[in-house]
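Q: I am new to this structure. Please take a close look at one part of it with me.

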Amino acid sequence: MPVKSDPVKPVKGIEEAKKRVSPLKDPYNVLSGQTSSMKALLNAPTESAILVDNDGTILAINKVGARRINSSVGELINKNISEVLPSHLTETRIAQLRKVVLTGKPVRFQDTRDGRDFDNNIYPVFDGKGKVI
């Protein structure tokens, strides 16, 4: 008796079954789609967008943000913001980041770099248990 993948079409052997199931279970295809969606979302804003961990290490940054720091996306990944921003900005932004981590609430603040005013928003990212990650 043939294996059935749905009530209408019987599967004709193991190779056909693999072809039908593989696209659904291939983690590379799933992650690849998520990665391209994440990049599209990150690069959609016309303003800087940066994802940092709790210590200020850059996990992701859009092209606008990298350009504003006079760098490339690849050069900034895994660098701490203290390595790429002036110290007066680093102190302020790390303090605000810590507030977000402790409270789980977003913050909004302004600062200035090179004569340009920045309106900053930091939003918490939560794990499955509601902890800021």
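Which side chain meets Arg68 in a salt bridge?

A: Glu47 does, with 3.0 Å from N to O. A salt bridge here is a side-chain nitrogen of Lys or Arg within 4 Å of a carboxyl oxygen of Asp or Glu. The model is predicted: local features need pLDDT of at least 70, side-chain atom pairs count only at pLDDT 80 or more, and totals for chains, interfaces and linings use all residues. Residues are numbered from 1 along each chain as its sequence is written, and side-chain values use heavy atoms, with hydrogens and water left out.

The Arg68–Glu47 pair links distant parts of the chain, 21 residues apart. Arg68 sits in helix H3 (residues 63–68). Glu47 sits in the loop between helix H2 (27–43) and strand S1 (50–52). Helices (H or I, at least four residues) and strands (E, at least two) are DSSP runs, numbered from the N terminus. Glu47 is partly exposed, at 44% relative accessibility. Buried means under 20% relative accessible area, exposed over 50%, and partly exposed in between (1.4 Å probe, protein chains only).

The whole structure holds four salt bridges. Another of them joins Arg108 and Asp119, with the closest N and O atoms 2.6 Å apart. Arg108 lies in strand S3 (residues 107–113) and Asp119 in strand S4 (residues 116–122), so this pair ties together parts eleven residues apart in sequence. Arg108 is exposed at 58%, while Asp119 is partly exposed at 39%.

Arg113 pairs with Asp114 in a salt bridge too, the closest N and O atoms being 3.9 Å apart. Arg113 is buried, at 10%. Asp114 is exposed, at 76%.
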